[in-house]
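Reader: I'm new to this one, could you walk me through it?

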Amino acid sequence: MPNVSHLECSLCARHFAGNQIHNLCPCGGALLVRYHLDAIRQLWNRDSLAEGKPDLWRYWPVLPVNRRESVVSLGEGMTPLIETKRLGAAVGARDLWVKDEGLNPTGSFKARGMTVAISMARELGITKIAVPSAGNAASAAAAYSAAAGIEAYIFMPRDVPQANFIECKALGAHVTLVDGLISDCARMVAERKDQEGWFDVSTLKEPYRIEGKKTMGYEVAEQFDWRLPDAIFYPTGGGVGLIGMWKAFDELEALGWIDSKRPKMIVVQAAGCQPIVRAFKHGEQRAEFWENASTVAAGLRVPKPLGDSLILKAVGASGGTAVAVDDEEILDGGIQLASLEGIFAAPEGAACIPALRKLLSSGFLKPHERIVIYNTGAGLKYLETYAKRYPRA
Ligand SMILES: Cc1ncc(COP(=O)(O)O)c(C=O)c1O
Ligand SMILES: [Zn+2]
């Protein structure tokens with residue numbers, strides 16, 4: 001029996017068959033994969049997981065791929081969850097952890113989404129994909145496409161970090177640099193994909209990247225012996241990691257592996273692009289387009305996330321909140337994390353440090369709570385950003 005029971009529209013709840021090529025529901029909603037969890041829980045348990053592979057494919061029964069031969073893997077997932085006592089002492093948090101996603105292939109958590117999306121593309125016979133990206137999704141798409149022998153067409157802002165551009169070129173992708181933001185890149189993909197025969201792997205416009213990203217939630221549960229932390233800080237651009245983890249927690253509860261306790265999900269955005277923070281503050285269900293988006297945290301420069309309503313719903317239901325921090329605070333946070341803990345984070349992950357400080361000093365979080373920060377990428381991919389702090393002359 002396949003693991004997937006069907007796909008379900010996140011807006012209108014319409015059902016679609018699995019194992020077929022899909023983008024959005026005709027109503028515009030993102031499709032979410034649903035599994036035969038009742039049957040799966042009879043065959044798969046926490047003990048059998050111990051024999052699983054040391055990567056995210058250990059969660060095979062709750063991933064959408066049918067045939068093992070379809071899998072395109074570069075060793076993604078099962079990233080370290082590191083206790084950060086020195087940083088904790090500096091900010092006043094006694095049980096503070098960093099999940100270091102910078103150790104993934106191509107240096108970011110985007111590898112999780114792409115290993116699953118490109119494996120599914122291969123399984124479904126797709127030969128050309130296109131992706132608009134703030135940078136790291138492009139690098140991951142290029143790497144997994146290269147490994148799969150799939151052609152990748154990439155659209156990124158012209159001022160994307162140098163590492164992303166060079167990686168994509170070296171990985172053999174067709175790269176178009178766009179004078180604009182990821183939203184402009186997305187429009188270009190949408191306009192050309194039918195004529196060019198590209199499968200659009202934009203965030204949430206296909207159903208499988210989120211399935212890869214949700215494994216961040218499975219892993220944190222497993223690494224903490226099936227007790228979820230009190231709070232999770234997530235640097236939010238498109239927000240798919242956050243939505244994915246939220247989905248994972250519901251699946252884990254349906255499998256009987258965790259109870260109903262959920263972490264407070266905390267959205268971290270940059271002051272120069274904070275559509276979710278603004279919507280959350282105003283109690284809105286959708287976010288408005290953020291004009292003139294600008295921040296050193298390239299992955300957070302998403303002016304209007306497609307999954308805005310899902311992000312806002314998860315944050316609200318979790319009792320979490322949304323915080324914005326400015327670029328100087330981001331760089332200070334990155335340097336503090338690096339110098340105290342040996343973790344050189346991407347600015348996106350670094351943004352969580354000042355956000356944590358704010359929520360501890362406001363009393364929203366208490367010093368004894370178990371807190372996990374997701375460092376979504378490696379600082380090494382942002383040398384030109386950090387170079388601003390270390391002029392050589
Ligand atoms: C390093 C990094 N962190 C976070 C994000 C935002 O991810 P999400 O779309 O899941 O919010 C990105 C997106 O490009 C990124 O590259
Ligand atoms: Zn729908």
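This is a predicted model: local features need pLDDT of at least 70, side-chain atom pairs count only at pLDDT 80 or more; totals for chains, interfaces and linings use all residues.

Reader: How many helices and strands does the chain have?

Author: The chain has 16 helices and 13 strands, where helices (H or I, at least four residues) and strands (E, at least two) are DSSP runs numbered from the N terminus.

Reader: And how much of it is buried?

Author: Of the 393 residues, 61% count as buried, meaning under 20% relative accessible area with a 1.4 Å probe, protein chains only.

Reader: Why is strand S13 largely enclosed?

Author: Strand S13, residues 370-375, is largely enclosed by the rest of the structure because five of its six residues are buried.

Reader: Which strands does S13 pair with?

Author: S13 pairs in the parallel sense with S5 (residues 95-100) over six bridges, and also in the parallel sense with S10 (residues 231-235) over three bridges; two strands pair if DSSP finds at least two bridges between them. Within S13, valine 372 is the bridge partner of tryptophan 97, while isoleucine 371 is that of alanine 231.

Reader: Switching topic, is helix H9 mostly covered or exposed?

Author: Helix H9, residues 215-223, is mostly covered, with eight of its nine residues buried, among them Met216, Tyr218 and Val220. Just after H9, aspartate 225 takes a positive phi of about 55 degrees.

Definitions and conventions
Residues are numbered from 1 along each chain as its sequence is written. Chains are lettered from A and ligands numbered from 1 in the order in which they are written. Side-chain values use heavy atoms; hydrogens and water are left out. Buried means under 20% relative accessible area, exposed over 50%, partly exposed in between (1.4 Å probe, protein chains only).
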